[in-house]
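Here's a quick briefing to read with the structure open. Take a look at the fold first, then work through the notes below.

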Amino acid sequence: MPSFTRRVPAQRAPAAGSSAAAPTAAAPNLEGTRPSPSAPGLRLLPTGIGSLDDLLGGGLPLGNVLTLLSPDPHTAWARLVARHVGAQGAVSRQRLVVLAERGDARAFVDGLPWVEGRDDAGSESETEGGADDGRTRIAWRYDRMAKFQTTVGSSNLAANTTIPADVRAHLEAKGQIVYVDLGADVTASIVALAKTLDTPFDGVTRVAVPDLGGIEWGRVTGVDITRFLVSLRALLRPRAAAAVVTLPPRLSAVPPDGGSSSEWVTSLAWASDACLTLAGFGTDPTLAPVFAPAHGLLTLHSFPTTHHLLAPTTRHSTLLGVGGGAGSGGAGENNLGFRLKRKRFVVETVHLGIEGGSSERRTEPVSGVVRPERAQAKVGVEVEAAPEPEPLSVVSEPQPAQAAPAKPKKVRAKVRFGEEPEEAPPSHGHAHGHAHGHAHAHGAHGHSHGAPRVEIRHDRPDLYEF
């Protein structure tokens, strides 16, 4: 044995009945959860939307509160996302607790998306087509290249399928769907929710609070809403539970008692573990064709930071563009939006089209666009026959034995720019009809009846702006 090797005595294998043979107690593996990529002791809850899990750093941590804001009064995107969170818990055999009025709570549960059957299985894209074997017929060299993706993750929930009535009744009978009525005020509602959470349940609990501060809650202030969120966080911290809270459109932008919109959203982000805004295009329809095919824009105000100094989103998120390594430039590098497909709700990156926002390349001028008028020259080409050569006078000189044959007519082209009047051909200062003793050719005067010639006018450059 070398001298620099540490001599360690060989350990004997423990007996079968000794206490040393007992395995080490591992962390509880709660059904329907996954370990955090940066903190293995932290369990994460899938939200039912794979792209939203990517923004949260892998999922919603246990003991956290997710607040969803939807300022568009014509849509209900926040409620749709909250239903996905609740439906994922029902599919994973977890308990779903809904804090709302009895009628509103039942309507919330009836709209939960559900898994689709095998008969409904098919492609997500409505325009998908191609060869039967899935290979490219023409550009086969590009088969191995990765396709351009604007989103990540997947989901087993279908937005066009809701929970069956018999399944809902079965889950209610087993205690996996529980309804909690609202109290007289915010404090009474928190106390009623705490009593329900203290009921023994072997598994994870998901709490859904739709339309916090709505009409059913009575007269509430901004302090009441932030106090409820902070109290809910303190209630969930020691439990294997997480919550999703939505606010009505009138409270998603401004506080109930008036004030600054930015300060109100900042206070909601501080009172929650994660806060995001889903702004649809219902209030401004002109944005829909600009950001097509997205149905709205998504803004992240705060990220989950449980057991971390920095949010895991900034390290592991692909949609934000911060998890790619050397090319990343910090959190929020990509613009985000959301879209409801035929079966899936996805969060994806938003970018302009190839022609400044249009999804198709333009090959024709856009109708209805006013362009400044500019003086343009009109070009006209006239073709006229050259005049016949005039007869020459005969002098007393010996003539050749045979006269030369007459030349055929030649065609002369004349180019006229603009509305210029036709100019008379320049005269040579003398008539050809008189008899004088010289015989001349027309080529001697500098003008030929051969190829056409276009004169360029340098004093009027505006004629050449075609």
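This is a predicted model: local features need pLDDT of at least 70, side-chain atom pairs count only at pLDDT 80 or more; totals for chains, interfaces and linings use all residues.

- H5 runs over residues 186–197, and its 12 residues should span 16 Å at 1.5 Å a residue; the end C-alpha atoms sit 17 Å apart, which agrees.
- Which residues of H5 are buried? They are Val-186, Ser-189, Ile-190, Leu-193, Ala-194, Thr-196 and Leu-197.
- As background, an α-helix has 3.6 residues a turn, so residues three or four places apart point the same way.

**Nonpolar cores**

- The largest nonpolar core holds 45 residues, and Leu-55, Leu-68, Val-98, Leu-276, Leu-278, Leu-298 and Phe-345 have the most contacts inside it.
- Helix H2 (residues 77–91) supplies the largest share of this core, with eight residues.
- Apart from that core there's another one, of 33 residues, with Val-180, Trp-217, Phe-228 and Trp-264 among them.
- Leaving out residues up to four places away in sequence, Leu-55 touches several partners, including Leu-298, Phe-303, Thr-313, Leu-336 and Val-347.

**A three-stranded sheet**

- Three strands make an open sheet in the order E1-E2-E3, with antiparallel pairing.
- Strand E1 (34–35) and strand E3 (60–61) are the edge strands, each pairing on one side only.
- E1 pairs with strand E2 (residues 43–45) over two bridges, in the antiparallel sense.
- Opposite Arg-34 you'll find Leu-44 in E2.

Key:
Residues are numbered from 1 along each chain as its sequence is written. Side-chain values use heavy atoms; hydrogens and water are left out. A nonpolar core is a set of buried Ala, Val, Leu, Ile, Met, Phe, Trp, Tyr and Cys residues joined through side-chain atoms within 4.5 Å. Buried means under 20% relative accessible area, exposed over 50%, partly exposed in between (1.4 Å probe, protein chains only). Helices (H or I, at least four residues) and strands (E, at least two) are DSSP runs, numbered from the N terminus. Contact means heavy atoms within 4.5 Å. The expected span of a helix is 1.5 Å times one less than its number of residues. Two strands pair if DSSP finds at least two bridges between them.
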